[in-house]
Structure formats: structure tokens, C-alpha cells
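Me: I would like to learn how to read a few features in a protein model. Can we go through them one at a time?

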Amino acid sequence: MQASVSRKMADEEAGATERMEVSPDLLQTPQQLASWWDQQVDFDTAFLHHLAQLVPEIYLAEMDPDLEKQEESIQTSIFTPLEWYLFGEDPDICLEKLKHSGAFQLCGKVFKSGETTYSCRDCAIDPTCVLCMDCFQNSVHKNHRYKMHTSSGGGFCDCGDTEAWKTGPFCVSHEPGAAGTTKENLRCPLNEEVIAQARKLFPSVIKYIVEMTIWEEEKELPSELQIREKNERYYCVLFNDEHHSYDHVIYSLQRALDCELAEAQLHTTAIDKEGRRAVKAGTFAACHEAKEDIKSHSENVSQHPLHVEVLHSEVMAHQKFALRLGSWMNKIMSYSSDFRQIFCQACLREEPSSENPCLISRLMLWDAKLYKGARKILHELIFSSFFMEMEYKKFFAMEFVKYYKQLQKEYISDDHDRSISVTALSVQMFTVPTLARHLIEEQNVISVITETLLEVLPEYLDRNNKFNFQGYSQDKLGRVYAVICDLKYILISKPTVWTERLRMQFLKGFQSFLKILTCMQGMEEIRRQVGQHIEVDPDWEAAIAIQMQLKNILLMFQEWCACDEELLLVAYKECHKAVMRCSTSFMSSSKTVVQLCGHTLETKSYRVSEDLISIHLPLSRTLAGLHVHLSRLGAVARLHEFVPFEDFQVEVLVEYPLRCLVLVAQVVAEMWRRNGLSLISQVYYYQDVKCREEMYDKDIIMLQIGASLMDPNKFLLLVLQRYELAHAFNKTISTKDQDLITQYNTLIEEMLQVLIYIVGERYVPGVGNVTKEEVTMREIIHLLCIGPMPHSAIAKYLPENENNETGLENVINKVATFKKPGVSGHGVYELKDESLKDFNMYFYHYSKSQHSKAEHIQKKKRKQENKDEALPPPPPPEFCPAFSKVVNLLDCDIMMYILRTIFERALDKDSNLWTERMLQMAFHILALGLLEEKQQLQKAPEEEVTFDFYHKASRLGSSAMNAQNIQMLLEKLKGIPQLEGQKDMITWILQMFDTVKRLREKSCLIVAASSGSESIKNDEIIHDKEKAERKRKAEAARLHRQKIMAQMSALQKNFIETHKLMYDNSVSEMSGKEDSIMEEESTPAVSDYSRIALGPKRGPSVTEKEVLTCILCQEEQEVKIENNAMVLSACVQKSTALTQHRGKPIEFSGESLDPLFMDPDLAYGTYTGSCGHVMHAVCWQKYFEAVQLSFQQRIHVDLFDLESGEYLCPLCKSLCNTVIPIIPLQPQTINSENAEALAQLLTLARWIPTVLARISGYNIKHAKGENPAIPVLFDQGMGDSTFEFHSILSYGVESSIKYSNSIKEMVILFATTIYRIGLKVPPDEMDPRIPTMTWSTCAFTIQAIENLLGDEGKPLFGALQNRQHNGLKALMQFAIAQRSTCPQVLIQKHLIRLLSVVLPNLKSEDTPCLLSIDLFHVLVGAVLAFPSLYWDDTVDLQPSSVSSSYNHLYLFHLITMAHMLQILLTIDTGLPLVQVQEDSEEARSASSFLAEVSQYISGCIGCDIPGWYLWVSLKNGITPYLRCAALFFHYLLGVTPPEDLFTNSAEGEYSVLCSYLSLPTNLFLLFQEYWHTVKPLLQRWCADPALLNCLKQNSAVVRYPRKRNRLIELPDDYSCLLNQASHFRCPRSTDDERKNPVLCLFCGAILCSQNICCQETVNGEEVGACIFHALHCGAGVCIFLKIRECRVVLVEGKARGCAYPAPYLDEYGETDPGLKRGNPLRLSHERYRKLHLVWQQHCIIEEIARSQETNQMLFGFNWQSL
Ligand SMILES: [Zn+2]
Ligand SMILES: [Zn+2]
Ligand SMILES: [Zn+2]
Ligand SMILES: [Zn+2]
Ligand SMILES: [Zn+2]
Ligand SMILES: [Zn+2]
Ligand SMILES: [Zn+2]
């Protein structure tokens, strides 16, 4: 109602303008224009006139358009008037109203390439039915068995299509009447007037779009549009094609247009994206010249010239606008179903006068000629109109089918991807069940498709009208597959209701399909090559690929045919006829006669080894399939009504499949080895799971058909004849040619095997009485008999049906149990014991190797269980009636003859025409025969059982030759020692003979007398008793075994543990000493000593003679400071593992950075790790040089960077880049009495001035001397004269340690490496920062290891890995030695700067404030540098043990106090801490201390924090520091730590730490003890203006304990991540092209990977977004998750990386790289944790190196572009 009122008002306004009678060109407002149009009789003309005037104007600047302005003028001058015209009122208001009313029933979201789609295995009609991400997340299928896939683009979301889903067709937002669409809105259809306007408007719009799109004239426009004076402006337009690479196009453009690279690139990118682009504007002549230039240049680089056209500017403009109008139309249609219908009607209307097809068909037919961009928009137009309205979808489909042939042919000769071809729409229509049915009934679409195939394939037909794909083009044939695929789509849902018409049309289609099969039956024939090897392997892939494509289509055809009996019989008749037609040549060939033991067969003469043969027999196999269905329906009896007996000719039917099987046998017997690999591959695929259902399996069935319908003796004679073995069984053979004998033996084996299959394989519904589930179950059982398998491997070995399902999940739990995976590997299924009884050694889908593996495993298993080793066949299921006669093969004369002959030969010492394998098969056949007889006897009375294996086998032969019966032969075979392995089987058979005999007798007895049955029963009771006894024994054996197994597994575990350790251990394993140190430490003898590391009470260093073995020369050597150096392989790396400030920009250029002080955020540290492997320095140098040499000779591999000293550890292949010299610890012991005495003299109050005096003394000395003044100034008042330059020496000195030159050399080398890598600078042995880098890596490495131990909840000392232990030890001792390789003045200079942090009396202009440094780094530096104060020009001295212990104690106490202040100043008052005793001593001290401090800090810190809170915060905050200090002093001094630090990780640790480090447990007592000395320090620390500044910027301050880094949180459900990725937009580009979002697991950033748009330049090299991100996020090392692929990648530097299993597993415990399987994935927390540890252990580089070492071959990925 509302709408019509406003309409009237609009009319009135329009009326007003009308009276003005102005020309439409002058009409200013859209509204006026719309009403002017409204008054025209012919809207079309007015509309075109308007466009003709405006469009060329708007699109004038084609080469360099102002897109925004262009869009604005289109909107105001064209679209808005059109919308006014349509609605008659303000379109904005109207569209807003319509927004909800036209709500789609269908989602219809069109997928872009790379988008994730979801299907539901429970509910989707077929796997082509998919949902978009949003619909899926809002649907019920989220909780079903869904599949995720990556779209290749072009499809669309099926949400809302009730035909696509069995249940849950709507998501929440597309449900009719769902949220957002109120009922009122729903019932608001368009009013009549708008509809009427639409009917006028849409036809003109669509006509314009179509006509401009298919416009072919280059220079002229349609006359209606030619109203302007024609200008002379042309464009040279370049089109995209698939022949030319990016670089070709750029090259051609640069040459032809003489333009810059950037411009050519710009054009090329646009062409690649849009499909065409104007590259030059100008006169026709100029453009033409450019065109010819481009063509000729492009012809130079590849055979095809580029496609270039010269277009008039107005043509170009209108074509552009037509597409824009299309998008507008899309938008309008999204508002209303009425609009869509009107649009579709307009598209379908055929012009009565013209021959032309309707508009939409013209568009379709033009598709292949269009460029990419145009196609995309037009396809979207089809999606948003026809495909959203079911009724019109049908009309569209009919048009599509009408032109199907032509469309496909054009697609096949087109060179664009299928995803942008209109033919790709077929899946949207053909898979809709009702549509498919309609198309079959009305248009016989099956015939249309098959005829299309027949028309596009003739180029592959040979003169016999068979296909031959030699020299085929892969691309072209690939396009043909698309047509084959359409057949699959049409057939994918079987009709439930058959109309007469459907039946008729389907049959027509089937017949037409048979024509294709006829061309395949017998195609690509081959002949055995004798003499010479074939020269070229023929192409075989194409034919096999077609077989693969056809497999499910053939099966579906058979199933459709089997929908009803009548149809099936007719189809059978047709197929039979076709087979016969293909067999005429065979029937006319000459005849031959075979005779054996009284039976004769007359057959055609044919030899597989001489005549032509083909492996492709789709007709025969289809017939076999139909026959099985016939048997299943019980309709075989009616067959003769359709195929008369005399026409049936079963020998002809059997012939070709039999030949194939013989071919396989001959290939196995190596008779065809001169025919090359192509034949081997064909035979492989013939039996492979991808093809076998419609090849090998059907051939076996055909032989079963033959066996069921032919006389068994004749059948066997035929088989013998075709295997070319009749001769071999005639006993006339006597050859000494070993090759020939082997060949015969193989052929006999192969034949016996096939006979076993014919008789024993009944697991096909219709052949035997089995269900599909039973079939699948049996396949799985046999796979698992080989060993436990993961889900994906089982699925790989099972055939997939048309819905890509294997039926695995439905049955697997019946036969197997699932074993969950550990932290690595995958979950596996293990066969249940009760399923073992179904194991058949001669399972026909086993390959040779599977067969022998399974046999081996099963025999072993039985042996372990103390069972006999016989593996008789399991009782097979019953044959269906139509196949029941197959068993007669078993007891026929020829079979008996064959078996007997084999046994006799085995007993004959002179015969070598037998093998053990052959015997095994003969036994198997015997067993099958006896089982069959037993089963029959158990079911029916004896006289009815005609099957008589027993008697025939026990009958004596007539001639002297076979005077023994089979039983007797068996007894003899049992005695042959070589056949020991078969003994159990023979016994089993003989027992079976007994059983059958008894059954025969029993039934006789039943008939004779009832008393007889008693004995049988007794017999049975005895039998049962035996059974019970056996069972008991077996049970006992099982228990025993279990016990042994438990022990074994315990042992194994131990073994694995030690093995694992061995890896870390190999040093100590070889030396045998290292471990003993650790052990020694815990022996009681040592525990008597003090376990205090610092001060007068310090315990002794525990040292031990170290004899190590070099992993390179295997020689032992004792480590001594005067010996030649031994070294540990090591790797130095930058690390952000501890950062409190992830992604902090690396502001340093290594040139200027001063690494003396570490920022408290530990943003970038230098970590030194070692794999713990020891070498002689000399050996290592030789090794390194050798590696260098060998790499210079080899092709360059980016495995490691030799120039920066990288190499792989010779033993464990870890990546290393340096070595740590191993220096023994210098034992220090102090006399505690002396030390205590010294305590009186050397208090902290005296120590400080003594140190300062020394420093000041140096200062004066240097000031006088040659060196420039050290920047140290003293505070006035500290210069107490009692402390003079030499005081420090009076507390005890000794001479410095003298290291061997070899050790010194290694120390310098290692120190230089740390410096080089830590600062990323070229090596410089003289750089003053070398010692500071040494201290820095010591401190950081300890912090990293402490952090890791804490993270894992491990004790500080007991849990260190050997490699960590050895690494730390070597590192600390190295650090001591490093000092002596530097000028002491330099060390002093550093020391003074370090001390100035805690001793503010020392003035150094660049001392950072207390809050902006890490104090542990200061501690390590100060302790290591301190001995430099003892240096003198003349004598090289160092402090004595006693002096050292005081120096350490005071340095540590001072720095600890500073750290306490640091912690309290940055205290976080908002933590939920557990309150401890309010009134403890510590709490009180804390309160009073803070009160004191707050005086100096001028209130920057609140005094109101409760004491207990302060204390707890302090304790928590300082613990990591104390732990680091304990590690440091332990490895520095070798003092044994208290026992508790080896075991406890949390409780009680604190007090033990304090005792080891000579600290009071109430740390505040430190301040009390030293109050007079410390108070001035405290005041100065607090008074530092920089510190106050830091405190004011409270947020940026680092708090203690520092937070522990972990990898970002990942969602449990992987689809959530995919969801995130789908919303990802590249920050650099605006297009909607596919992106590769990659997630940084360190910081959570999502990056646009492997894309030019986000490349960055680093040092002049282009690197991808990820590599660039890694540089600052992880100092070059990073862990990423490629979201679309569900792959983790580790990267290092610019060129290295490796894949790592993602922490997401499906329900079967498997990862899914590339989402190939698409199962739902969930986060495995254990695996994610493992990844976290890889990071925190600094093992990323190691993982990469190791993976590269193992995958060297596959190493092709350009990591730099990541
Ligand atoms: Zn959707
Ligand atoms: Zn939906
Ligand atoms: Zn579902
Ligand atoms: Zn050596
Ligand atoms: Zn190693
Ligand atoms: Zn990051
Ligand atoms: Zn990007």
C-alpha cells in the first residue's frame, strides 16, 4: 500500500516535468529522467539512447581511469535513474524495505578459489553438496561427520536446497521464517506496478548486456548506440591465455611497447586477473602496429602469438559497462524472487522472428570466446538468477543440455580452466535428483553426454574403431574427463520411482554408453615382445586413467540397471549382444583340441604369449556385473527369455577375461619383460584398488560364471590350455632348462591361485550370500592381518564408491580396536583376536608382498600362542544358487589329476616341476574341497550330497603311475624333511579327511541304526574334551605369554629410555666418567661437605679427572688446561624465547649496539646450545675443512651456510656453528677457619671502599700512563685513605691459570663466534664487545634453561639433560678462561660500568637506571670480570679462593638487594595471591622496608600494600633469579648443591636455594645486616631520575617473575581457524584473489604468505611476509601454521625451513596435511605442548637441519618467499 501512494506522488512530479517538455538530455535529477522514460512508448530505445550518450563519456579514460569518479557517475547518471524508474520512488528507501522481504531460501554463495567448503557425510545427498563456512557454522552438520575441503572456485553453497540434503537443508540464517525476516516482511511481495516496470526494464538491460558481450565488430557499434560523432580513438587490447607465462607476457610487452618493467608488470598482472587489458591507446594505425609488434615478439618466445585485438574506444566502453550493468542486475535481483523470475523469463524468451537462440543460450554459447573477467560476472549473473529459482534452474538446465555438445566441444578446444567455463555449471544441475530425472526423461541427457564423448574422442580411434591414446595430449584428454564426470553426476542418485518413459530413455542412454565401451573393449592391444626389448614404452596412462574415471560410472550403470528385473534383463541382452559383436574375430579363428585323462575340449587356438591381447574389457566386465545383479535378484532363470541358450556361448564370454588373467601370470613369470614398464604398470593398475572393481574382480567373476555354467572338466581344460600348461601336465615334459622350469612353476602357481579364487572368493553380494558390510569387513580384516594400520592407510586400500565413501566406519569397530597415538606417530587399528579366524592366506586382493607378510605374521602369531602353524582357509560363505555349481570344479577329474600330479612330483626326487608354494596352494584347494563337503554334509542328508571330494581323493588311480590316492600321498609328503613347514597343514587336512569320513559314516549310521549315533556323540564328547583341554592349555600359554610380553615391554621401554639418553649421553657413555661425577656428588662422603657456594662457608669444588673420547678419531684424552683442546660441538643462536616484549623492533645495527647491559624484557638474547658431543679441536678442524671441500665440489645445497661456520654434528647431525672448548674446573678449597677469621676484616663496609680504591688507583695510573682515562670519577668523600690501591691484594692472591695455546685459540674462536652471531656482525677478534657477549650468552643460556625447567615443573639440578649439563659446564669454564685472552684494561672498563649499577658512587655517564636492566646479566658479568681487578702490569694475579668467595658473596648480595628493590618497585598490586601469615617476620620486614623506600621514592609506590602481599610477591619474583644464580655458581665453582635441589621443584626449594647462596631466608635481613652500608646506596638508586621516569610509565615496566612465553592459544576445533582465515584480508591488496593466510604461533599475527603483494626487501633481497615477520618476531626463527593447509612450518633465517606435523588430529589420531582427507580436526594438547618445548629448548634450528638432512631429495621449496 505504501509503495503505491508514493508512486502516485512520483507520477505527479513526473507530470510536472513533462509539462516542461525538455529534451531528456537536460533532465537533471535521476527522478526526472526516470519519469521521462516512463512516458516513452518504447523504453528500450530511450534507454539505449541514454547509454549511447553517457557510457563513452564515462569510460573515456580507459588507460588510466579514475575509478572512484567513474563509479560515481555511473551511479548517479545511470543506475539511480534506472532504480527510480523501477520503483517509482526513492530507491534507497525502497531497497531498504525490500532488503529482508526477498530473503533467499538458498544461500547460493559463490566460492572463490581457496575457500573452505564443508560437506556432511551423514546428510549430503552426494559429496558435491557443500556449505559455505557461515552456513556450516550455523547448521546441524557441525556436529555430524563433516568433511572440509578447499574449493577450486566456481561452485556455490547448497544451503537451503532441500534436494541436496537428507536432513538439515537449512542453516539457521536461511531457514524459512528465520531471524531477521519477520512474518510481515515475508508477506510483502512487490506491488503490481514495480513488477510491470521490471517487465519493461529487465529485457532491455539483459539484451544490452548480451549484445555488448558478444559484440564482435572491432570498429563499429550497433546502430542504436551509434549516435555520437565517431572519434578516432582505439585501444590495443591484450588477452590472457594459458600458453604464455607471466614472464613471456612481460617480455613481449616491454619489447613491443618499449615500456618500463613496472608498467609491463602492471599490465600483466591485470591481464592475468581480468583476462584482458588495453595496453595502448591511439589511432587505429598506431594500435594496429602495437598489436603486430606484440604478436611477433610473443611468437619469438613461444610458438603461439599472444591474442591481441584493436578495439574502438566506444566498443570497449560499452563492453565494460555491460559487465558493470550485470553486477548491478545481480544486486537488484538479490532483493526479490519476483525480480529473478522476471529476469529469467526475459533471458529465456526467444525472439519469434529470429533464428537466434534465447539470450541466455547465446551467452552460454559465447562463453568460450569470452575473457576471464567477463565470464566471472556472467556466471555470477546465472548463479544469482536461474540457480536461485528451482523452476528456472530447470529451464536453464534444459537450455544447457540443448547446447551441451557444442558447449563441451568449445570447452575442450578452449584453453581456460574448467572452473571458469560455463560447462562447470553442469554439477549444479546434474546432481539435483529431480532435475537429473527430468533431463533423462525429456532430453535423454545420458545419450547426449555419451554422444558428445563419441564425437570428441574420434581422434583417438584406430582403424578397428577402438580407442588408442598413443601420443595423446594430457590437457585435452583432461578436458574430456570433464564430460565423463558429467555422466557420474547424472547417475549419482539412483531413482526411486521409475516411469515408463524414464526406463525407456535410460535404456537408450545405456545403449549409447555401450557404444563407448565397445570402442574400449580390446583397445590398445599388445603383443609379447621376443628377442629385442621394445624401444619406447607406449603411453598407457590415458587408457588406465579413463578406466579409473569410468569405474564408478560402470558400477552406477549396473546398479541403475538392477533397479528392476525387466530393465536388467533388457540391459543384459544389449550388453551381451555388444560383447558378442566384439568377439567375432575370435569365433572365426581356427580350432584346436586338448585332451587330458579322458576328457576332451575343442577350442579355438589362441596363445596369450603370441597373439594380440588387451587388458581393457569394459563390455565383458559390465556383463559380469549385470550377471551378478541378475543372480542377486534371482532372475538368472529368466535369462533365456532374453538371450536364448544357443546364443549365450559362455566359452566366448569367458575367453577374454581369462586371457587377462593369463597375461598377469605370464608377466609374473617374466615372460613379458621385454615389453617394458608400461605393461608392468598396466598390470599393476589392473589389480590396484583404484581400478580392480571394474577390471580384475570382474574377470574373476566372469570365470566364476564360466565355471558355474560349463562342464567343470571342460572348464579346467580351457584354463590349462590358455595358461599354456596342458602340456606341462601331460607328463611329457622333461627339460633341464632351469629358466623354463621356473617359468612353468610360476605359471602353475598363478593358475592354482586363480583356481583358488574362482572357487573360494564369494565375497560379492550376488556371487555369495554376503552383505556389503561383510565384504568391507573382510577387506579390513585382511589388511589388519598384515599389521596394525592407521585409518587413512586402511581407507587407501579400500575402494571408494561414487560418494567417495569406503564404508569403513560402519564396520571397523566390529573387527578392530583403536589404539590412540602418543605425542608423535598416529593412532592405529588393531585386529580383534576373534577376527583372526577369518584370515585367508589366499585372499585375492593381496599383492604378492602383502600375501607373504600376512602369512609370515600370522604363522608367527600362532607359534607364539603355541598353536599349530596350519593356516587353512576359513569356511567360505555359500554361493548364491546361480553360482552354486562352481564348487564342482573341486571334485572333478581334472582337478584331482592336477592335485595328484603336483603331489607326485613333490615326492619324485627327479622332478623339479614343483615348488613349496605350489604345494601350499594344492593343500589349500584340498582344504576347500573338504570344507565344502563338510558343510554340505552338515546341511543335508548324505544321499542328497552329490559333492564327493572325499571319495575321489581317496580313490586309487587305475594306472600304475597313480596307484596311490591323495591321502596316501599326503602321508608321504609329511615325511619329507624339507616340507617341515607344511607339516601342520598336512595334519590339518588329514584330520579333515577323518572328519568328513566320519560325517559320511555318521549319516550312514543314522540311517542304519540309532545306536550308532551314540558312539559318534561319544566321539564328539571326546572331541569336546580335547577342545576344552586345548583351550585350557592355550589359556595358560596366553597368560604366560602376557607375562613375558609385559616383561619384554618393560625392557623395551628401558631400552628406549636408555637409547634416548644414549643420544644425549654419548659423551659420557664413551668416557664413562661424566655420569660418575653426578653420582659422586650424591654419595654420602661428599654430603659431609658444606653445600654452600658463596662466602666463608663455601664448600669445596668437586672435580674429577675427565677423560673424554673424541667422536671423530675415537681416541681418549684427559682434559687438562695444559693439553691440546677438546671441544664440544655447539650452536649459537639469537633467541626471543624469553621476551616480555614480542615483536619489539630490533633497533640495533650490530655495529653500534652495546651488549653489556641486557634490557629487562630479555627481548633478544644469545643462546648457546650443545648436542654434547666431544671432539679434539684438531679433529674438528679437519672435519670442518673436509666438509667445506666436499661442498665446494657438490652442487650448492642450502643445507647449511658454510661461510658462517655451520656444519652438522658428525654424530647426531644437529646443526652447529661453533665449538666450545672444554676446560677443566680449577678446584678451589678454602680453610673455613681462615675464612671466618677474614670475615672480621673484610666486611661489606670495608670491601666496597677497597674495591673502589683499587679502581680509583687504576684510574690515576691510566690517567698518567699511556691509556686514555677510564671514564670513572669518584664521589667526593669516598676517598678514604685507609684503603689504597694494593689493599685488595692483601686478602689473598695467587697466580693466574696458564692455559695451553690450543685452548686459548679455541677460546678466542668461540668467543668470536658468539660475538659474530649475537650481534650479526663480521668477526673481529679485537672488538671490545667480545667479553660482554660472552657474559651475555652465559647469563641468557642459564635463564633460558632455568625457564624451561620451571615450565616443565622439573627440579633445578636433577632433571637437566646431559647435553644441557655438559653445555653449561663447558660454557662457564670457557667464560672464566675467556677473560685471560683479553686485555685486562678492557675487562676492567666493562667491570666498572657493571659495578656502577650497584655502586652509584662510581660515576659512569651511561649507567642505565635500575629498572631498565636485567640484574642477572649484571651478576654474571661482574663475577666473571671481577678478577681483572687483581691484574698488575708485572705479575698476572688472580684472587685466591678465599678472596674469591668474599668477592662472590658481596657482589651477589649487593646485586640481590638491587633486584629486590627492582621487584618491589614494579610490584603488581592486583594479583590474586594466596594470603600467608599476616604477621610473619618476613611480612613485617617487608612493610618496614617499603616504608623506608617510599621515603626516597617520593610516593611513587604505595605504602598501603599489606606486608604479606609484599613478601609473597617478592618471593615469587626473586625465585627465578635465585635459581639462575644457583645454576651459575654451581657450574662456575663446582660446589655441590643441597640434595633438595635435585629432587624438589617447588615446595621447600626456596629455603634451600637461600642456603646454597648464603642468603637469609628472610631476604630483608640483608638490608638490616648491611644497613649502614646499603642505606646510601638505596637512596641513590631511588633518587635516579631515570628510575622515577620508568616508574611513571608504569605500563611498559617489566614485572617479576617475568611471564613465561607460550605459543598462542589455538581453538580446539580446526574449522574455527579456517573460519578466521576466511575473514582474512591481505593488508596490502584489495582484490579478492586467493590468499595464503599463515598464523605466527609466537604472537598470533596472521600474515599473507607466498604472495608478491606482501613481500618485503631485506638487505636488497625480496622475502615473503612470513620470513620478514620472523626476523623481528623470533629473531629469524619462527613457528607458523599455514591455516589453509593445516601444516606447521619451522623457519630460520631467510632460506631454511621445514614442515612439522600440525598439532591437529582427526578422530583417528592422524594429522591431515593439506586437508586431503578433510575429516574434522581437533587440537592435540600434548602435541602442541611438544611444539612449545621444541621452541623453548631452542631446537627449531636443529629440527630444520635434521629434516633437511633426511629430505635432501625433496628439498625444493623456496622458503624465502614464505
Ligand atoms: Zn551458504
Ligand atoms: Zn545457510
Ligand atoms: Zn549432517
Ligand atoms: Zn680426535
Ligand atoms: Zn652431536
Ligand atoms: Zn609473530
Ligand atoms: Zn598480501
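Me: Are Cys159 and His174 buried or exposed?

Reply: Some ground rules come before that. This is a predicted model, where local features need pLDDT of at least 70, side-chain atom pairs count only at pLDDT 80 or more, and totals for chains, interfaces and linings use all residues. Residues are numbered from 1 along each chain as its sequence is written, chains are lettered from A and ligands numbered from 1 in the order in which they are written, and side-chain values use heavy atoms, with hydrogens and water left out. Now the term: buried means under 20% relative accessible area, exposed over 50%, and partly exposed in between, with a 1.4 Å probe and protein chains only. Cys159 is buried, and His174 is buried too.

Me: Which residues are the protein donors of the zinc ion (ligand 2)?

Reply: Donors are N, O and S atoms within 2.8 Å of the metal (3.2 Å for Na, K and Ca); water is not among the atoms, so sites may look incomplete. Here they are Cys135 (SG), Cys159 (SG), Cys171 (SG) and His174 (ND1), at 1.9 to 2.3 Å from the ion. Their spacing along the chain is C-x23-C-x11-C-x2-H. Cys135 also bridges to the zinc ion (ligand 1), and the two ions lie 4.2 Å apart.

Me: Why is the arrangement around the zinc ion (ligand 2) called tetrahedral?

Reply: Four donors count as tetrahedral if all angles lie between 85 and 135 degrees. The ideal is 109.5 degrees. The four donor atoms around the zinc ion (ligand 2) subtend angles of 102 to 114°, so the arrangement is tetrahedral.

Me: What are the protein donors of the zinc ion (ligand 5)?

Reply: Cys1171 (SG), His1173 (ND1), Cys1209 (SG) and Cys1212 (SG), lying 1.8 to 2.3 Å from the ion. The site of the zinc ion (ligand 5) is tetrahedral, with angles of 104 to 115°. Its donor residues follow C-x1-H-x35-C-x2-C in sequence.

Me: Are Cys1171 and Cys1209 buried or exposed?

Reply: Cys1171 has 3% relative accessibility, so it counts as buried. Cys1209 is buried, at 0%.

Me: How do helix H23 and helix H26 cross?

Reply: Helices are DSSP runs (H or I, at least four residues), numbered from the N terminus. Axes are lines fitted to C-alpha atoms, for helices over the stretch in contact (heavy atoms within 4.5 Å). Angles run from 0 to 180 degrees between N-to-C directions. The axes of H23 (residues 541-561) and H26 (residues 618-633) come within 10 Å and cross at roughly 35°. Residues making the contact include Leu554 of H23 and Leu626 of H26.

Notes
Tetrahedral: all angles 85-135°; square planar, octahedral: opposite > 155°, others 65-115°. Helix = DSSP H or I, 4+ residues; strand = E, 2+ residues; numbered from the N terminus.
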